[in-house]
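Welcome! Here is a short briefing to read with the structure open beside you. Take the topics one at a time and look up each residue as it comes.

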Amino acid sequence: MVIKIALLVVFFAMMLGVGIYSRNKAKNVNDYVLGGRTVGPWISAFAFGTSYFSSVVFIGYAGQFGWKFGLASTWIGLGNAFIGSLLAWMILGRRTRLMSQQLDAKTMPEYFGKRFDSKALRITGSVIAFVFLVPYTAGVYNGLSRLFGMAFDIDYRICVIVMAALTGAYVVIGGYMATALNDFIQGIIMLIGIVLVIGAVLAGKGGFTEAVKSLSLVPTDPSVTTEALADGQGLFASFFGPDPLALLGVVVLTSLGTWGLPQMVHKFYAIKDEKAVKTGTVVSTFFAIVIAGGCYFLGGFGRLFSSNPEIYKADGSVAFDSIVPTMLSSLPDILIGIVVVLVFSASMSTLSSLVLTSSSTLTLDLIKPLMKKEMKEKTQLRLMQVLVLCFIVISVVLAFNPPTFIAQLMGYSWGALAGAFLAPFMYGLYSKNITKAAVWASYILGVGFTVFNMFVPVIKSPINAGAITMIAGLIIVPIVSAITPKVNREKVDEMFKCYDRTVVVPETENLGK
């Protein structure tokens, strides 16, 4: 216990120290929300990765999908790396940075409002972002509750309060730069921790080869296979697992979904320069391969622990969120301490990103546009800091009575946010023909179908429902744009000049004549 607590105290001191160090870098709204658009490649990449992967992935997703798909769940991590990170940076990174600066947009709803010349789109987008980021926060805390139940003999609520207070302190004091610097530190902890944990868990099962052999002998569970694969042997150690189609749905939701999440895309707004985009793309992808790939790979061995009663509920069904904590419970104290810090790092980085995104979008996209008088910059800054604390309090209240099923909760949150925002955001960066009506159609589809499916489950799995909603948005937005009135062409041409502006670069960056 002393080792675990000591590691946490050192970790907390570092996080708070970074917040105090960054206080002079958050003197105005632009610095507080975007770090002055001067964030370098490594910090940007780690900020993206640590906001992407939280306790939801490490505890909830890895446990549930590792149990359902076996080693094939590793594909989810690889999808996160190459679709959710590599392609996201390549397709969105540079253009988002240029267009957001051209429009002077600091948030995703503000981008929609200025790009499509609609105050209503901006306000509605801010409401959607705030409402559906709340369950995301609940999922983060739920993962922590499972871990602390395993690692500490104290009420996890105390740990939640400490984490919330610390996160609130460094975000209020230092804004985006404090969040980004802490993300970098937390990312290093996550990289080291996941490698040590995987090695220790596999060693406890006789090593990698022996663990895979044991997994291949696990009988197929009829509840997680398709009819065609029923009675199959060794499916949990196979290439695509017992249900490839369901696996594909999870890959789409957790990978493509990041393209439409406000707190993820926000990282591209703050990138410093062209070099930062190129380096950040590589670093972010590597980070995702290790963290996401490692988490799902570890979860894939969950069925080797099926004899432990801790992973079952009273009715005999599997408590998916208890699988990974059970796998870790037999590790040495020092490793459990590292795991606690690892998950704390992942959760705090995600939480800080969520509260900063929520407070900034409420201030800049909802309250400010509704004010009759011009809001002073100092007032905006103070209001954002107050809203950070309010969001922290809401998240703590939710954490005290968290939902029981992380993956289901996250499916609704990601499905609504990415379903509403992904298609119009991405198309709006590339095409001058996307219309205001198409953005409204995407809003209605993403939020409307997600809420409808919550109460009338047309698609039983919220994961698959979210994936289908995102893909449907990519189809509907160009169709609606083709048959509805276009935005003022002269204004759009002016916006897109940011991509054609001539700049002078060194010969090393240009292979021209």
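Predicted model: local features only at pLDDT ≥ 70, side-chain atom pairs only at ≥ 80, totals over all residues.

One is formed by Trp75 and Phe240, whose rings are stacked, with 5.8 Å from centre to centre and 20° between the planes. This pair joins distant parts of the chain, since its two members are 165 residues apart.

**Aromatic rings**

- A pair of aromatic rings is described by two things, the distance of the centres and the angle of the planes.
- The angle of 20° between Trp75 and Phe240 falls under the 30 degrees that count as stacked.
- To find the two partners, look for Trp75 in helix α5 (residues 74-103) and for Phe240 in the loop between α9 (208-216) and α10 (244-256).
- Trp75 is partly exposed, because its relative accessibility is 33%.
- Phe240 is partly exposed as well, with a relative accessible area of 44%.
- Elsewhere, one aromatic cluster is made up of Tyr111, Phe112, Phe116, Phe421, Phe425, Trp440 and Tyr443.

**Charges over rings**

- Arg95 places its charged end over the ring of Tyr499, at 4.1 Å from the ring centre.
- Lys205 does this with Phe305: the charged end of Lys205 lies over the ring, 4.4 Å from its centre.

**Cysteines**

- How many disulfides are there? The count is zero.
- In general terms, a disulfide is a covalent bond that joins the sulfur atoms of two cysteines.
- Cys295 is buried, because its relative accessible area is 4%, and buried means under 20%.
- Cys498 is also buried, at a relative accessible area of 5%.

**The protein as a whole**

- The protein has 19 helices and zero strands.
- Of its 513 residues, 59% are buried.
- Among contacts with a separation of 6 or more, 86% are between residues 24 or more positions apart.
- The accessible surface of the protein is about 20,300 Å², and carbon and sulfur atoms account for 67% of that surface.

- Gly419 lies in helix α16 (residues 406-430).
- Is Gly419 buried or exposed? Gly419 is buried, because its relative accessible area is 1%.
- Leaving aside residues up to four places away in sequence, Gly419 touches Trp414, Ser442, Gly446, Thr469 and Met470.
- Gly419 and Ile471 are 52 residues apart along the chain, and 7.9 Å separates their C-alpha atoms.
- Ser481 belongs to helix α18 (residues 462-483).
- Ser481 is buried too, with a relative accessible area of 3%.
- With residues up to four places away in sequence not counted, the residues that Ser481 touches are Asn433, Ile434, Thr435, Ala438 and Lys486.

- Helix α6 (residues 108-115) is mostly covered, with seven of its eight residues buried.
- Which residues of α6 are buried? They are Met108, Pro109, Glu110, Tyr111, Phe112, Gly113 and Arg115.
- Two of these buried residues, Tyr111 and Phe112, also belong to the aromatic cluster described above.
- An α-helix has 3.6 residues a turn, so residues three or four places apart point the same way.
- At the start of α6, Thr107 brings a side-chain oxygen to within 3.2 Å of the backbone nitrogen of Glu110.
- Asp104 sits in the loop between α5 and α6.
- Phi of Asp104 is positive, near 55°, in a residue other than glycine.
- Asp104 is partly exposed, because its relative accessible area is 41%.
- Asp117 is not a glycine either, although its phi is positive at about 50°.
- Asp117 counts as partly exposed, with a relative accessibility of 45%.

Note on methods: Residues numbered from 1 in each chain as written. Heavy atoms only, no water. Phe/Tyr/Trp six-rings, centres within 6.5 Å; stacked < 30°, edge-to-face > 60°. Helix = DSSP H or I, 4+ residues; strand = E, 2+ residues; numbered from the N terminus. Buried < 20%, exposed > 50% of the residue type's maximum accessible area, 1.4 Å probe, protein only. Lys NZ or Arg CZ within 6 Å of the ring centre and 35° of its normal. Disulfide = S-S within 2.5 Å. Contact = heavy atoms within 4.5 Å. Areas by Shrake-Rupley, 256 points an atom, 1.4 Å probe, with all protein chains shown as cover. Polar contact = N/O pair within 3.5 Å; in protein donor to acceptor, adjacent residues only side chain to side chain.
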